[in-house]
Amino acid sequence: YLEATELGDDSIGTYTVTITVTDVSGNISTCSATVNVNDPNPPTAVCQDVTIYLDGNGQAGITAADIDGGSFDNTGIASISASQTAFDCSDLGPNGVVLNVSDDAGSSDFCIAIVTVLDTIAPVALCQNITVGLDVNGAVSIAAAQVDGGSSDNCGTDLLTYTIDQTTFTTAGSYTVQLTVTDASGNSSSCTATVTVQDDAPPT
């Protein structure tokens, strides 16, 4: 008969085993053999979608574990990794991220998780007062950017839009206008500025 040590599923590797042969008279002989134990079954990658939020610096991050939805393997998972873990304002919206799962035998599987990046931080509206003069027709119009005093946002100012509640003036005086600053995600904030209108045109 043959005697050898039984190896379990978690004993992947190369082993030297001793084979003992015994006949009916009790004579014994042994030899050694090399046994290669492989795992033909790859792991199963399971993903889960997540939503993350940009911080005040326009940054957000995940780990591979955040998008792992319960990946498994018959001998145990050796490692998991994500194709992207750092996100910024250029990643707003849904992003496909690959989750790679490997086992001890070097087999691997992957799945794709949707990482949705949101910006819920409103811009900081900063106003400045201005003085303008009526033209020869007795009117003056201003743009919203003229009363912006350096508004800012965690995703920068390139995509900010500016609106004011009054743009045209026909009488000299002081007026309070409201500036609304809106970012690319629809977050907005407001401030007020004083527009001083002067009659600088001489009579004819």
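Guide: What follows takes a few labels in turn and sets each against its definition.
Guide: This is a predicted model, in which local features need pLDDT of at least 70 and side-chain atom pairs count only at pLDDT 80 or more, while totals for chains, interfaces and linings use all residues. Residues are numbered from 1 along each chain as its sequence is written, and side-chain values use heavy atoms, with hydrogens and water left out.

Visitor: Why is D103 called buried?
Guide: Buried means under 20% relative accessible area (1.4 Å probe, protein chains only), and D103 has 3%, so the label applies.

Visitor: What makes the approach of the D103 side chain to S107 a polar contact?
Guide: The term asks for a pair of N or O atoms within 3.5 Å, where within protein one must be able to donate a hydrogen and the other to accept it, and where residues adjacent in sequence count only if both atoms are side-chain atoms. The D103 side chain reaches the backbone nitrogen of S107 at 2.9 Å.

Visitor: Why does S189 count as buried?
Guide: Its relative accessibility is 18%, so S189 falls under the cut-off and counts as buried.

Visitor: Which backbone atoms does the side chain of S189 reach?
Guide: The S189 side chain reaches the backbone oxygen of P123 at 2.5 Å, and the backbone nitrogen of A125 at 3.4 Å.

Visitor: Which residues is S189 in contact with, leaving aside its neighbours within four places in sequence?
Guide: With contact meaning heavy atoms within 4.5 Å, S189 touches P123, V124, A125, L179, T180 and V181.

Conventions
Buried < 20%, exposed > 50% of the residue type's maximum accessible area, 1.4 Å probe, protein only.
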